[in-house]
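Let's take a walk through the aromatic side chains of this protein.

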Amino acid sequence: MTTERIDPPLVGDERGMLRAFLDYHRATLAMKCDGLSDEELRRRSMPPSTLSLLGLVRHMAEVERAWFRRTINGEDVPLVWSPEGDYQVAYDATASTRSEAFAAWQEEVEHARRIEESAPSLDVTGHNARWNVDVSLRHVMLHLIHEYARHNGHADFLREGVDGTVGP
């Protein structure tokens, strides 16, 4: 499997740029996982940490769900892997597979895209119950870009540790 990653434009309107950068970072995470077996994707960074590439994919499914479906769309849905709301559960990919984790992540990304595209503007707000604050769609998109960028840095090191692959 080879992931196509499209570079964000250098010029564009705010919403288009946010969409492009978010999709760029989503594709980057997928690229870091290309060509690896389930076992390699589950390889932990450094015990006792449960951090792995597959754990990052599972975590980002939770993040997409929490911010777009729960916060912006106001859906009453539990986290994917923890009905109790424990985000750390997603990192433990011990029994997970590529197909299970990527299916959940891609489903949440598609929900997120539909929610964002149907919003009349970036000024749409939702309530983040965990923090007990209202946030704009603009904030959510920027937050996810930040979250992906940070975790893609982790993915760089994880991938290098698995098979020596480095790069964009």
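Is tryptophan 131 buried, partly exposed or exposed? This is a predicted model, and in it tryptophan 131 comes out as partly exposed, with a relative accessible area of 44%. That value lies between the 20% cut-off for buried and the 50% cut-off for exposed.

Now look at what tryptophan 131 does with its ring. The structure has two aromatic pairs. In one of them, the ring centres of tryptophan 67 and tryptophan 131 are 5.1 Å apart and the planes meet at 70°, so this pair counts as edge-to-face. It ties together distant parts of the chain: tryptophan 67 belongs to helix H3 (residues 53-72), while tryptophan 131 sits in the loop between strand E1 (125-128) and strand E2 (133-136), 64 residues apart. Tryptophan 67 is buried, at a relative accessible area of 6%.

The other pair is phenylalanine 102 with tryptophan 105. Their ring centres are 5.6 Å apart with planes at 85°, so they are edge-to-face as well. Here both partners come from helix H4 (residues 98-118), three residues apart, or about one turn of the helix. Phenylalanine 102 is buried at 6% relative accessibility, and tryptophan 105 is buried too, with a relative accessible area of 4%.

Stay with phenylalanine 102 for a moment, and bring in a charge. The charged end of arginine 98 sits over the phenylalanine 102 ring, 5.4 Å from the ring centre.

How values were computed. Residues numbered from 1 in each chain as written. Predicted model: local features only at pLDDT ≥ 70, side-chain atom pairs only at ≥ 80, totals over all residues. Heavy atoms only, no water. Phe/Tyr/Trp six-rings, centres within 6.5 Å; stacked < 30°, edge-to-face > 60°. Helix = DSSP H or I, 4+ residues; strand = E, 2+ residues; numbered from the N terminus. Buried < 20%, exposed > 50% of the residue type's maximum accessible area, 1.4 Å probe, protein only. Lys NZ or Arg CZ within 6 Å of the ring centre and 35° of its normal.
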